[in-house]
Amino acid sequence: MTTETIQLLTPEGERVERPDYPLGDVDIRGMYRDMVLVRRLDSEAVALQRQGELGLWASLLGQEAAQVGSARALSPRDMAFPSYREHGVAWCRGLPPVRLIEMFRGVNNGTWDPEEHKFHLYTIVIGDQALHATGYAMGIQRDASEDEAVIAYFGDGATSQGDVSEAFGWAAVFHAPVVFFCQNNQFAISAPPERQSRVPIYQRASGFGFPGVRVDGNDVLACYAVTRKALRAARDGEGPTLIEAFTYRMGAHTTTDDPTRYRLASEVEAWRLRDPIERVRAYLARTREADAAFFEQVEAEADELAATLRAACLALPDPPPMSLFDHVYASAGGGSGSAILDAEREQYAAYLGGFAEEGAE
Amino acid sequence: MTIMTYRQALHDTLRAEMLRDERVFLMGEEIGVFEGSYKITAGLLKEFGDKRVRDTPIAEEGFAGAAIGAAMLGLRPVIEMMTINFSMLALDQIINHAAKIYGMFGGQARVPLVIRTPGGGGQQLGATHSQNIELFYAFVPGMKVVAPSTPADAKALLLAAIRDDDPVLFLENLGLYNTKGDVPDADAPAEIGRASVTRPGNDLTLIGYSRMAHVASEVAASLAASDGLDIEVVDLRSLRPLDRATLVESVKKTHAAVVLEDDWLTYGIGAEVAASISDGAFDYLDAPVRRVAMAEVPMPYAKPLETAALPSRDDVIGAIRQTLAAVGRRAPRPAAANGVAQ
């Protein structure tokens, strides 16, 4: 089997014509801006974590094109199911970045309304959201809705999980309108893709009976065009597609990880030459679709976004202590939904009240 | 005797067992090149090679099942579940196969498998990564579950688990890895199924396992100093088999018990302990057996809420005082003699 990688923009910023993957009326300047802004919000979040303001952060550095390209291919009605690294997708869906910061700071557990931005809550456990996405897609079928599809994001490591295989099987036999978007960033913490699969990941789809395609994950145009085509097929009743976006995690797995323990600096340097943002910048500059003023303005906007985000983060209060007992049961009505929980809540309120009395004395 | 951390004791024991018995081998996620998420397997890939230290795909049910197969044919696999939360993906293999193969096939095959895995909250890892679900395994006949609280027990129980012919869930704890203690140099496996009285006393029996056995010892020492209380501490060490005899014997002497657990109260390990005491020492009890557990909520990620959800020293001291107050009302001994503060 040959390994073909769809590419529409080379690392040097040269356009590659692929009539089978039409771009349509594409806003390349907008894609550039999105990628620069999400990279900046990502680096600010890493800095905030290092300064003790966030509990954790999972950096998307290097994966901007895969996320922005695929997310920009979504229609407003399409639903996205992220893992925990899809900050670029969140951005493109219009989710205010402070919602992500709240979650990683621990103010809440991620409490945005998935329907509002058609962006589901982050899933921390590896690969489970592939099944949730498949179920949602089957719901679309029940509604006989023809202009909706679903995209499920996960990584190379997740393809070893049973949930992802089961999602592939289900989506295939039910012809569910779902696109499986695997960002192969070359690492499951430290484990390389060779530890997950003997064949390129996209080729696994054929065994389940649906098409798989590998795309240059650092090429925003290719990610956009390939995802657009797959979503259209899903909406048209042609069933699922597996897209393997071949990219590279330039940063650590999360802020708790030190990648220098398991990979060579030379490999990271080689991937730096394939940077997803630089090639678009080169293309825009050469074709004169953007001038120096545009690039400067985007940089300024990025710095402003970072400053705003930082200020918003630092202004976030600790959650109120009694919120510990909220949201255990949805059917709770006025109470907590459980007698023992009510008792614990009462007891804890009395315990906290004791400190207030001490302070008053 | 050497002073070392709980982490070091686990590492050194694994290494010693691999040197002693070539059938012992390790499998798990990130245990080789990355040397383990909590560095228990540091250096072992380099020393023993990838035949005996195997990094696996991210497939918990996969490597649990493969280890069961290897164990049935005579190897002695020690697998690492990165945290006990991930073991839920392998529940079917562990509960339906590891725990049942010996019985279902009339003793024709045995599964000498060790599943090493840390539980525990308090590390700000969120609701899905901070659970204490050893109960799932302790519930199942055919399984053994051990839970060391000290470096010495980490060694003695791991030696016992690896040499045992049944599947053993070996519960570690994220909060204990850096704790230090004396570890005997001798090759002396513990007896699985035996609790230990780690501090003798007469006023009340304080029972815990894993991290909470540690908390129990600290609270007992501090109440001895502050209130002159004489608390007996029992470290369960083994959740299945459960050493009911040691519990009952202790309560017959102290007439009161408080059980500490990091899991949830309802249907938790403490419920089984309390029922065992009620069965074996009902007539000796001067107060109801109290349990201290975490709040009945999914673990919050926010640090202040997580701290509030976990059982605190204040909670433990409060339960001890309430129990002793109840003893005081029912028994002729004056409450003041027990140092009860109201």
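**Entry 1: domains of chain A**

I began with chain A, where the centres of domain 1 and domain 2, taken over C-alpha atoms, are 40 Å apart. The bounds I noted are 5-314 for domain 1 of chain A and 321-360 for domain 2 of chain A. I am working on a predicted model, so I looked up the confidence values next.

**Entry 2: confidence**

For the complex, the predictor reports a pTM of 0.92 and an ipTM of 0.87. Chain B has a mean pLDDT of 94. In chain B, 96% of the residues reach 70 or more. I then asked where in chain B pLDDT stays under 50. That stretch is residues 330-342 of chain B. The model still has 19 contacts for residues 330-342 of chain B beyond four places in sequence.

**Entry 3: chain B against chain A**

I turned to the interface between the chains. I counted 34 residues of chain A in contact with 31 residues of chain B. The size of an interface is often given as the accessible area lost when the parts come together. For chain B and chain A I noted a buried area of about 2,500 Å². Carbon and sulfur atoms carry 63% of that area.

How many salt bridges are there between chain B and chain A? I found one. Its partners are E35(B) and R261(A). The closest N and O atoms of this pair are 3.2 Å apart. I also looked up polar contacts across the interface of chain B and chain A, and the rule finds 10 residue pairs, both residues at pLDDT 80 or more.

Which helix of chain B gives the most to the side that touches chain A? I noted α11 of chain B, residues 303-309, with four residues. I sorted the side of chain B that touches chain A by class: 19 residues are nonpolar, seven are charged and five are polar.

**Entry 4: domains of chain B**

I moved inside chain B. The domain assignment gives residues 2-183 as domain 1 of chain B and residues 196-326 as domain 2 of chain B. Their centres, over C-alpha atoms, are 26 Å apart. Domain 1 of chain B puts 31 residues into the contact, and domain 2 of chain B puts in 24 residues.

I looked up the buried area for these two domains of chain B as well. Together they bury about 2,200 Å², with 54% of it on carbon and sulfur atoms. Which three residues supply more than any other three of the area that domain 1 of chain B buries against domain 2 of chain B? They are Q124(B), N132(B) and S149(B), which supply 24% of that area.

I found one salt bridge between domain 1 of chain B and domain 2 of chain B. I also noted a salt bridge between the side chains of D153(B) and R237(B), at 2.7 Å from N to O. For polar contacts across this domain interface of chain B, the rule finds 16 residue pairs, both residues at pLDDT 80 or more.

I listed elements on the side of domain 1 of chain B that touches domain 2 of chain B. At least two residues each come from α6 (134-138), β6 (144-146), α7 (151-163) and β7 (168-173) of chain B. The most, four residues, come from α6(B). By class, this side of domain 1 of chain B has 16 nonpolar, 11 polar and four charged residues.

**Entry 5: R235(A)**

I went back to chain A for one arginine. I located R235(A) in helix α9 of chain A, residues 220-235. Its side chain makes a polar contact of 2.5 Å with the side chain of D78(A). I checked the contacts of R235(A), leaving aside neighbours within four places in sequence. They are A73(A), S75(A), D78(A), E146(A), D147(A), E148(A) and A149(A).

**Entry 6: backbone notes**

I checked a peptide bond in chain B. The bond from R240(B) to P241(B) is cis, and omega is near 0 degrees. I placed P241(B) in the loop between β12 (238-240) and α9 (244-254) of chain B.

I found A144(A) in the loop between α6 (129-142) and β3 (150-155) of chain A.

Conventions:
Residues numbered from 1 in each chain as written. Chains lettered and ligands numbered in written order. Heavy atoms only, no water. Contact = heavy atoms within 4.5 Å. Buried area = accessible area lost by both parts, 1.4 Å probe. Salt bridge = Lys/Arg side-chain N within 4 Å of Asp/Glu carboxyl O. Polar contact = N/O pair within 3.5 Å; in protein donor to acceptor, adjacent residues only side chain to side chain. Nonpolar A, V, L, I, M, F, W, Y, C, P; charged D, E, K, R; others polar. Domains from an automatic or database assignment. pLDDT = per-residue confidence, 0-100.
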